[in-house]
Amino acid sequence: MLPLSEINRVLVVTAHPDDADFGSAGSVAQFVDKGVEVTYLLVTDGDAGGDDRSLDNSGMAELRRTEQRAAAKVVGVTDVRFLGYPDGQVVPSLELRRDIARVIRQVRPDLVVTQHPDRNYRHIAPSHPDHRAVGGATLDAVYPDARNPHAFPELLRDEGLAAWTVREVWLSGGSTPDHWVDITDAIDRKLAALQSHVSQVGHIEGFAEFVRSRSAGLAEQAGLGEGRYAEGFQVVATG
Ligand SMILES: [Zn+2]
């Protein structure tokens, strides 16, 4: 695995507001603590989410962008970017690959964190079609698009964005995690980040308990012992 000392910039690519907070906000908080620059890239605004349908989709999109910026701030992330694709309709298109490759070339991350492109047959929620599409398009954007100067030549020609090689990818939400991050010292910040998504989780009874027990379960899976919390990822070497 990539040594922590060689990770200077991290790009987190997800489908919806709150995905990054469920999957990786604790790990992100610890990266930021160590001086790593973290950027969030959201493919949709989550405009089809939430139970408060007094808002139309554009009102919901605006609310959810605001909630995501607040959640990011809790873990020290201020660079939050949105691609504005329609929620619930994401496919791993060439256009999406180019849009993600553009941001990879702009941000030049050592590590990319994204969603698992394969269906998880143990739990259904991690495998929302938008999550799988974003994970697949992001892996394609990492290899070959961002690193090949001849892929999407307009990025170099028109925008001056040189090829960039991402050194490692972490996938969240899969059924076969092989790397666990002990987030015990960041669990309160992860929870606060999640609770920033008021339109999504504000009405859920026992939500804090749910997050803690899920994170404790991952810590147990990782063999970290009692009273610990973790996030799990499948690591993909890209070299
Ligand atoms: Zn989602």
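What follows is a working chat about a predicted model.

Biologist: Before we start, what should I know about the numbering and the cut-offs?
Modeller: Residues are numbered from 1 along each chain as its sequence is written, and side-chain values use heavy atoms, with hydrogens and water left out. As this is a predicted model, local features need pLDDT of at least 70 and side-chain atom pairs count only at pLDDT 80 or more, while totals for chains, interfaces and linings use all residues.

Biologist: Which atoms coordinate the zinc ion?
Modeller: The zinc ion is coordinated by His16 (ND1), Asp19 (OD), Asp19 (OD) and His131 (NE2), at 2.0 to 2.7 Å; donors are N, O and S atoms within 2.8 Å of the metal (3.2 Å for Na, K and Ca), and water is not among the atoms, so sites may look incomplete.

Biologist: And what is the arrangement of the 4 donor atoms?
Modeller: The arrangement is irregular, because the angles that the 4 donor atoms subtend run from 53 to 126°. Four donors count as tetrahedral if all angles lie between 85 and 135 degrees; four count as square planar and six as octahedral if opposite donors are over 155 degrees apart and all others between 65 and 115, and anything else is irregular.

Biologist: How are the donor residues spaced in sequence?
Modeller: The spacing is H-x2-D-x111-H. His16 lies in the loop between strand 1 (9-14) and helix 1, and His131 in helix 4 (residues 129-146), so the pair ties together parts that are 115 residues apart in sequence. Helices (H or I, at least four residues) and strands (E, at least two) are DSSP runs, numbered from the N terminus.

Biologist: Are those two histidines, His16 and His131, buried or exposed?
Modeller: His16 counts as buried at 7% relative accessibility, and His131 counts as buried at 10%. Buried means under 20% relative accessible area, exposed over 50%, and partly exposed in between (1.4 Å probe, protein chains only).

Biologist: In what sense do strand 1 and strand 2 pair?
Modeller: They pair in the parallel sense, over 6 bridges, where pairing requires that DSSP finds at least two bridges between the strands. Arg9 stands opposite Glu37 in strand 2, and 7 of the 8 residues of strand 2 (residues 37-44) are buried, so the strand is largely enclosed by the rest of the structure.

Biologist: How many aromatic pairs does a search of the whole structure find?
Modeller: The search finds 4 aromatic pairs. In one of them, Phe22 and Phe207 have ring centres 6.1 Å apart and planes at 85°, so the pair is edge-to-face. Rings of Phe, Tyr and Trp (its six-membered ring) pair if their centres lie within 6.5 Å; planes under 30 degrees apart count as stacked, over 60 as edge-to-face and the rest as tilted.

Biologist: Where do Phe22 and Phe207 lie?
Modeller: Phe22 lies in helix 1 and Phe207 in helix 8, so their pair ties together parts that are 185 residues apart in sequence. The rings of Phe207 and Phe210 have centres 6.2 Å apart and planes at 40°, so that pair is tilted, and ring pairs link Phe22, Phe207 and Phe210 into a cluster.
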